[in-house]
Amino acid sequence: MKTRIINLFGIGLVSALALTSCSDEFLEDKKSYDKVSGDLYNTYEGCELRIDDIYSWCLPTTNSKANWRYPSSGQKDDMSQSTEEYPGFSLFVDPETEITTMQGNAPDYFYGSFGNIQANTYGHIRLINDAIQGISASNGITDAEKDKLLGQAYFFRAWRYYCLVKMYGGVPIVTDLLDPSSSEGSVRNTTKECIEFICSDLDKAAKMLAASTMNGSGFTGNDYGRVTTGTALALKGRVLLLWASPLFNRKNDQTRWTNAYTQMKEELDSINQCGYGLFTSGNNVNGSTFAMMFNQVGRNPEAVFFTLYNNKEGDDIGQNSDWERYIRPSNLTGSGGLIPSAMLIDMFPMADGKRPASADTYTKLDPSSYNYEKEYPFMNRDPRFYRTFVFPGFRWAYSGSDDILLGEEPNTPVYNSGRDFELWNYGWYADETKINDEESGYEYGADNLLGNGKGVYVRKRSDDYDINNNPLYTWAKTDNGSCFARSAQPYIELRYAEVLLNLAEVACGAGDMAYAVSLLQQIRARAGYTAENNYGLQADLASDQAKCMSAIIYERQIELAYEGKRFDDMRRWMLFDGGAVKVDGAPNSWTLEGWGGNTCTWLGFKPLNGQRRENIEFRVADSFGIGGTTAADGDDPLKKAGVERCPAVDLRQDLAPQLETLKTWYKANLVRKDWKGDSWSSNKVKLYIKFLPKYYLMGIPRGAQSNMKSAAQTIGWDDYNNGGAPGTFDPLAE
């Protein structure tokens, strides 16, 4: 049977679902974790089914908050909410709650359900090990067929280990078929051994997949969506960068940077030969190319490691992406939208590519020549700004139908079935005592948003009708009340821009800043900058390593915003406190000796610890007074006063005059208000971000420890297996 890959990846493949069912039945009947069937590996079709099953359980997804199985995908999860991207304390940065293994509140990235082979990481690894052994021993397929399948298996084993190692350092390396409920083999390997093991698997994957994928386009046809040689080498670059970064490289060992740089630069050509590159379009208008890359269902050179979805109904609904539903406002029967922090909005680059002069982060980088107008933050910004956020008074078109909204939400403007939709989400108060109260956001929002309005929305990765007039979602009312629930938008976990940024970072670390700058220029060119002003980059980056590295980290933050990458970057570079504080009980080898003993000082980066992230809104000006509590025009203070809205900003047109018009309208009618994002104490005292040093290298959670009896606990964490005694495992020891 030929497995059809395109539009079938998701929570499970059609073919994989059949295998999973057989697998579950086999395990239930036999009460064993042995091979699914000895005959499975006798044919290519059977072997491919096993590989497809691995895809179904190991592919990342945008449909779940970060947990044991999936990395952060940019939603408001514990990881993203521990960065500048979202306000509101998550577990990692909550100053009032400490994560401890004894209390059982430590995040578990090992297990979902212990004992279920498909619901814990080592269960996944066992499935992969079974496939590697079974396919390797098969007499029913050719060596070329074995390579094509084994390359994919080795990649996913590396992927599962990478997801553990980036959080915990060294973990047990298992290559045989242990029962997942067994404690055998649970002694933790060193981090170095794990890094070498992951890279070895990725080298195997790259070599085995070369014949099938280094043809200029990678896998094609029904196989599009499978991992390739380029995928393996791109993930390897991420792993080498992790190993060279301050988190694991406290002495700034230059050999790690040089080794990573040498390998990654040499292997970039192989990645390119698989058909990967920066996504471009013929007509880039105000960052439209940057926005379009996320809505490609055909061959997309930007997508190096990704998950395909579909928009089918019924049993297949688990294979639908729900990102569009998450980010759309509630008056369109979306899920209410995601709220970005005022912090990130205020630190995004200006139109000349430089940081706002008022931003006190990245202080080694030149400030912009543009004056940052905090009351009108949409003025003169980086082209990607307008594709990352959306403000009151901007178009945000979609393809829908008026009848659903008019039937369900008769007070919601429909704007030509969504094709001319304008977001007017300003708000007002019904209680004048709350107008200037920092603890309160506005009570009611315009255009029937009422109590579910947002001052600013995340727009990143939106299936915007103005850039894609063949939407990937199906507009239909569903049981959960959403009209954006079924979407075939792919989720890109690793894209080509990150490949270049990873390479730029190791090049800078190895001392080749000129090459690093050339890579930044490529990314800036795609964003819309030109050589006329050096792509918005300052002139001295090639001669100053600290400034160059700061520029790279800033570029990562902007280019990859709301893609689930920022938390890993902040941990790698210890940006919560600069790495200046050593974990209690840690040996001297944990002291940060490189980068002057403080990465934040070296980079000119303001540590996130001790700061707050607030919400941002645009409320009606005081002169209009308070408003009512319904969607009636008379309850909207601006409509009641006869204020006409200016034309909404259309990103398809020249921005400058439109933004000036909107600014004038804001000046007459709206006021920016920053209000409580991160929480206050019970006594209404403001609280501030507190990321403890021990969180850089997480402790094994209680559930995992109780089933891994021989696995020592990480230094700085309590050992559940030893009555809460201090952990002894050193993730930095080689």
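Is cysteine 199 buried or exposed, going by its relative accessibility? At 9%, cysteine 199 counts as buried. Keep in mind throughout that this is a predicted model.

The structure holds 0 disulfides. Take cysteine 163: it is in no disulfide, and the nearest cysteine sulfur, on cysteine 58, is 9.1 Å away. Cysteine 199 is in no disulfide either, with the sulfur of cysteine 194 as its nearest, 11 Å away. A disulfide needs sulfur atoms within 2.5 Å.

Cysteine 163 has a relative accessible area of 12%, so it is buried, the cut-off being under 20%.

## Helix H4

Helix H4 covers residues 143–168. It has 26 residues and runs 37 Å from its first C-alpha to its last, close to the 38 Å expected at 1.5 Å a residue. H4 is mostly covered, too: 22 of its 26 residues are buried. Just after the helix comes glycine 169, which takes a positive phi of about 80°.

## Aromatic pairs that reach out from H4

The aromatic pair count comes to 52. One of them is tyrosine 55 with phenylalanine 156, an edge-to-face pair at 4.7 Å centre to centre with 70° between the planes. Tyrosine 55 sits in helix H2 (residues 44–58) and phenylalanine 156 in H4, so the pair ties together parts that are 101 residues apart in sequence. Both tyrosine 55 and phenylalanine 156 are buried.

Another pair is tyrosine 161 with phenylalanine 197: the ring centres are 5.4 Å apart and the planes are at 85°, so this one is edge-to-face. Here the link runs from H4, which holds tyrosine 161, to helix H5 (residues 191–213), which holds phenylalanine 197, so parts 36 residues apart in sequence are tied together. Tyrosine 161 and phenylalanine 197 are both buried.

## Glutamine 75 in its loop

Glutamine 75 is found in the loop between H2 and helix H3 (121–137), and with 2% relative accessibility it counts as buried. Its side chain reaches the backbone oxygen of threonine 62 at 2.4 Å.

What else does glutamine 75 touch, not counting residues up to four places away in sequence? The list includes Asn63, Ser64, Lys65, Ser80 and Tyr86, along with Asp322, Trp323, Tyr326 and Leu338.

## Arginine 612, a buried charge

Arginine 612 lies in the loop between helix H17 (599–603) and strand E11 (615–620). With a relative accessible area of 10%, this arginine is buried. Its charged end sits over the ring of tyrosine 688, 6.0 Å from the ring centre.

The side chain has polar partners as well. A polar contact of 2.7 Å joins it to the side chain of glutamate 614, and it reaches the backbone oxygen of aspartate 678 at 2.4 Å. Leaving aside neighbours within four places in sequence, arginine 612 is in contact with residues that include Met343, Lys676, Gly677, Ser679, Trp680, Lys686 and Leu687. Arginine 702, by comparison, is 90 residues away from arginine 612 in sequence and 31 Å away in space, C-alpha to C-alpha.

Note on methods. Residues are numbered from 1 along each chain as its sequence is written. Side-chain values use heavy atoms; hydrogens and water are left out. Rings of Phe, Tyr and Trp (its six-membered ring) pair if their centres lie within 6.5 Å; planes under 30 degrees apart count as stacked, over 60 as edge-to-face and the rest as tilted. Helices (H or I, at least four residues) and strands (E, at least two) are DSSP runs, numbered from the N terminus. Buried means under 20% relative accessible area, exposed over 50%, partly exposed in between (1.4 Å probe, protein chains only). A charge sits over a ring if NZ of Lys or CZ of Arg is within 6 Å of the ring centre and within 35 degrees of the ring normal. Contact means heavy atoms within 4.5 Å. A polar contact is a pair of N or O atoms within 3.5 Å; within protein, one must be able to donate a hydrogen and the other to accept it, and residues adjacent in sequence count only if both atoms are side-chain atoms. The expected span of a helix is 1.5 Å times one less than its number of residues.
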